[in-house]
Amino acid sequence: MSALKRLAGDPLAHFLIAGAALFAFYRAVHGPDVTGTEDGRTITVDRPALLQFVQYESMAFKPDYFDNQISSLSAQEKQDLIDKYVREQALFREASAMGLADGDYVIRRRLVQKMLYLLDDAATESFAPSEATLLSYFHAHEDRYRAEPTVTFTQVFLDDKIRRREGNERAAEHLGREMELKRVGFAEAPAYGDRFPYLQNYVNRTRGFIENQFGSGFATALAVLQPSNRWQGPIKSDYGYHLVLLTQREPARLPDFAQIREEVRQDLLRDVVAAYRETAIKDLTRRYTVRREVN
Amino acid sequence: MQHLSRKATGTRGHAALWLTLSAVLGGVSSPVEAQETHLYWGDLHLHSNYSIDAYATGNVGVTPDMAYRFARGIPIANPNLGIKAQMRRPLDFLAVTDHAEMLGLEILLNNKDPRLLSTPWGQKMLALRQDPKSGGVMRAQGGKRDPQWHEMVDQAFSPVIRQATWESEIEAAEKNYVPGTFTTLIGWEWTAMPDGGKNLHRCVLSDADGAAARQFAPYSNYESIRPEDLWSFLEQTKKRTGVDFLAIPHNSNLSGGLMFDMVDSDGHPLSAQYARTRVQWEPLVEVTQTKGTSEVRPELAPSDEFAEFEIRRKLLAGAPTPPSEADYVRSALLRGLVFQNRIGVNPYELGLIGGTDSHTGLSSVQESNFMGKLAVDELLRERQHPTSPTVFPAWEMSASGRTAVWATENTRKGIFAALKRRETYATTGTRITLRVFGGYAFQPRDAAKKDIEAIGYRNGVPMGGELTEAPKDKSPTLLIVAAKDPLSGNLDRIQVIKGWVDANGNPQQHIYDVAWSGDRRPGADGKVPAVGNTVDVKTAQYTNSIGAIQLSTVWRDPDFKRAQPAFYYVRVLEIPTPRHTLYDAVALGIDVSETHEPATIQERAYSSPIWYTPAKP
């Protein structure tokens, strides 16, 4: 195995290379750290500094947009922005000079977080799975990607609150037969029955959604109906009787890999990054001697 | 399954039998008429002095109970101004949605509550508020990274204290619930702000009565700032207590690209599971309120000449925010269709509502008598020259908005069901009456009929519903009727906003002018010219000499493609009327340009969409 190959397979080496590259990149983009330059008593406010400042204020990183924003500021607004920047710089420098960063746990956590980001970046950069790898990952986790079954139907509802002479269940049966005779279609359903508290039509809905609006008894009964161009039911819900025109049923299915390739890729990446992180942290900590002074 | 088998062997095709059945059934098969829906007006987003930021901005005295009483039309003594306040047009329903975080702590301090004052942090808060320049108790909130934060929450926001202040909210809601006349919904605001101030807030509403609401406490951003965790809480609480919930996002316009994102909180592409969970808990979105409109930003819809309307281009803390499709409702609805194509579920199937988010305890939306977002804004001189710097200058705020629901009854049950089925619309404060039905059988003459409601329900689905199974050679058709608010401007026009996914899978939008006042003719671009403007900027008066009192139409989608999923929502515009800034300018004797805000406004209503989903071939 060549040195380069070995290097390529070693998370820690990866990380160090990526870290160095990143540092070089920052230096190139932002110039040297200004804190210690000049006499330390000069705050230079240039365009790149302002641009970076406003982007961090907004936590949105769109240089072109903010460049325009800065250009469109009135003289007063620009002065206000500069003042804000100067305040931040001055306070930051004073704090640094006083050594306030030393031993600050929040800063320690932030630095740790940055290291983790660097590790993750290193893992992400080298992530180039083959189609075969993705496909086998997909098949190994089919349960995660399987789409729930769905159903499409419209309904005619007889409200329990309204009492019919012949009994509500009988009335619903009669109405169902009448609608069959009249060949009442999907779009004509709203003309029959009472107003249901929720929707008229349910398009590609899962059992959970239906249960949430009709109750579980209805959802269970609906689950055994087959698609048909005839009215079925009545089915009892928490609210009354429903005649149902159920036109489509999509079984639980595994989506085409091609359709969710990106999702699979992201999931695999997440696993890879997590594993990579753990290995790299182990490698790093191994370089230290731990002197244990607690029980 | 007895019924089903009987059905399968059922009789078919006999005219005599059909007649007999019709006679027996009597009213049963006749069109839906018995149960009308009624229009109810409300506010689902209002803060009392129990919200820590409301208290810090001057609302020390309007309690949840006073907020409900004011909305009911009962006079209250405005503690801030020392005058009587009474609502000219009371509301039909209200949810006081105070921030869950530090809920009611200032009030406990006022009451010298021993549960709070017996803790070191309780004492510390007492000291903080005795120094008014310190920024008050809110300053104790700090951040989760602050090591003292956990100590603060453990002591000053312990379960006992949370339950105590929650109880006050419940009591106020219970006391003011008058079934049939005034509905109170028990809820709160979950105040998630990732990235140091991107707005992911949700108002959480329940269908609970007092007894049920005592079985839980408001979920706060102390528990989590991830919406997924909020939904899990709602799921578990529903299982445990039987209480149903809705979480309603607001100010997506200030979310910095997060509210309607393409990825979840961990940065992973939205899965079907995520979409199903989201759509279960979040069937609605607040599209307009004091901090601006979230319908659309002009940069995202260059051909929409009415898009530059109460737009806020700053995040909560005042930093500028670039236009993002993840921040606005129209682009979210489009994204929803794209997701539906891709993963089979639409995560952004959103009905529309409006709220004030007022922190004064007074739900105020009238331009001519706007009381502001914050209690400090109630004073005219504060609007002109704020004594302390503010991120929400009074004149930048919108006097908005209202939620309209079509419900069978004004009760918790009736209002909650209407919200859940999205039979709702939003307005910017005006009370435009708006009916929208979608179907395939509406005829042009239906628009002139007196019983449009009956025709609508008989032949279609109301706003918030969905269509599929388009009959052969038929296109979705909307039956729309709008009537002006008797106390506001006439109507300029009705527009249908259609969004769809084209054959290449790309989202598209188009705005159709479908009804308008006067004899204006659409230009070559299909757009109806502007209605005109009667506002006198010297006196802040206008006349209803232009515009229409009522507009109705039956509109058939001229560009319908059976295989392409689509949504349709309706926007109704009023003629220009004075914005609150003009009333203030006239009162102060200054030129309105000094407010840096427009003199006039075209108030509007936005309906919940009706969706069309193609049937599988």
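The side chains of R261(A) and E131(A) are joined by a polar contact of 2.7 Å. This contact belongs to a predicted model, in which 65 residues of chain B are in contact with 64 residues of chain A.

**R261(A) and its surroundings**

- R261(A) is placed in helix α12 of chain A, which covers residues 261–286.
- Leaving aside residues up to four places away in sequence, R261(A) touches E131(A) and L134(A).
- R261(A) and P129(A) are 132 residues apart along the chain, and their C-alpha atoms are separated by 12 Å.
- Is R261(A) buried, partly exposed or exposed? Its relative accessibility is 28%, so R261(A) counts as partly exposed.

**Helix α12 of chain A**

- The helix α12(A) contains 26 residues. From its first C-alpha to its last, α12(A) reaches 37 Å, which is close to the 38 Å expected at 1.5 Å a residue.
- Several residues of α12(A) are buried, among them E263(A), V264(A), Q266(A), D267(A) and L268(A).
- Further along α12(A), the buried residues include V273(A), Y276(A), A280(A) and D283(A).

**The interface of chain B and chain A**

- The size of an interface is often given as the accessible area lost when the parts come together.
- Between them, chain B and chain A bury about 5,900 Å². Carbon and sulfur atoms account for 55% of this area.
- How many salt bridges does the rule find across the interface of chain B and chain A? There are four salt bridges.
- One salt bridge links the side chains of E250(A) and K616(B), with a distance of 3.5 Å from N to O.
- Between chain B and chain A, 17 residue pairs are in polar contact, with both residues at pLDDT 80 or more.
- Several elements of chain B each supply at least two residues of the side that touches chain A, including the helices α1 (2–8), α2 (15–25), α13 (272–281) and α14 (329–343). The strands β15 (460–462) and β16 (466–467) of chain B are also among these elements.
- By class, the side of chain B that touches chain A has 23 nonpolar, 22 polar and 20 charged residues.

**Helix α14 of chain B**

- The helix α14(B), one of the elements that supply residues to the side touching chain A, has 15 residues.
- The span of α14(B) from first C-alpha to last is 20 Å, close to the 21 Å expected at 1.5 Å a residue.
- Is α14(B) mostly covered or mostly uncovered? The helix α14(B) is mostly covered, as 13 of its 15 residues are buried.
- G344(B) follows α14(B) and has a positive phi, near 85 degrees.

**S224(B) in its loop**

- S224(B) lies in chain B, in the loop between α11 (210–213) and α12 (227–241).
- With 6% relative accessibility, S224(B) falls under the 20% limit and therefore counts as buried.
- When residues up to four places away in sequence are not counted, S224(B) touches K144(B), W190(B), Y219(B) and D229(B).
- A polar atom of the side chain of S224(B) lies 2.9 Å from the backbone nitrogen of R226(B).
- S224(B) and A100(B) are 124 residues apart in sequence, and the distance between them is 12 Å in space, C-alpha to C-alpha.

**Cis peptide bonds**

- In chain A, the peptide bond from G233(A) to P234(A) is cis, with omega near 5 degrees. P234(A) is placed in strand β3 of chain A, residues 232–236.
- In chain B, the peptide bond from S400(B) to G401(B) is cis, with omega near 5 degrees. G401(B) is found in the loop between α15 (380–384) and β12 (402–407) of chain B.

**Positive phi in residues other than glycine**

- M59(A), a residue other than glycine, has a positive phi, near 50 degrees. M59(A) is located in the loop between α3 (47–58) and α4 (63–71) of chain A.
- At 27% relative accessibility, M59(A) counts as partly exposed.
- A540(B), also a residue other than glycine, has a positive phi, near 60 degrees. A540(B) is located in the loop between β19 (507–516) and β20 (550–556) of chain B.
- Is A540(B) buried or exposed? Its relative accessibility is 4%, so A540(B) counts as buried.

Definitions and conventions:
Residues numbered from 1 in each chain as written. Chains lettered and ligands numbered in written order. Predicted model: local features only at pLDDT ≥ 70, side-chain atom pairs only at ≥ 80, totals over all residues. Heavy atoms only, no water. Contact = heavy atoms within 4.5 Å. Buried area = accessible area lost by both parts, 1.4 Å probe. Polar contact = N/O pair within 3.5 Å; in protein donor to acceptor, adjacent residues only side chain to side chain. Helix = DSSP H or I, 4+ residues; strand = E, 2+ residues; numbered from the N terminus. Nonpolar A, V, L, I, M, F, W, Y, C, P; charged D, E, K, R; others polar. Expected span 1.5 Å × (residues − 1). Buried < 20%, exposed > 50% of the residue type's maximum accessible area, 1.4 Å probe, protein only.
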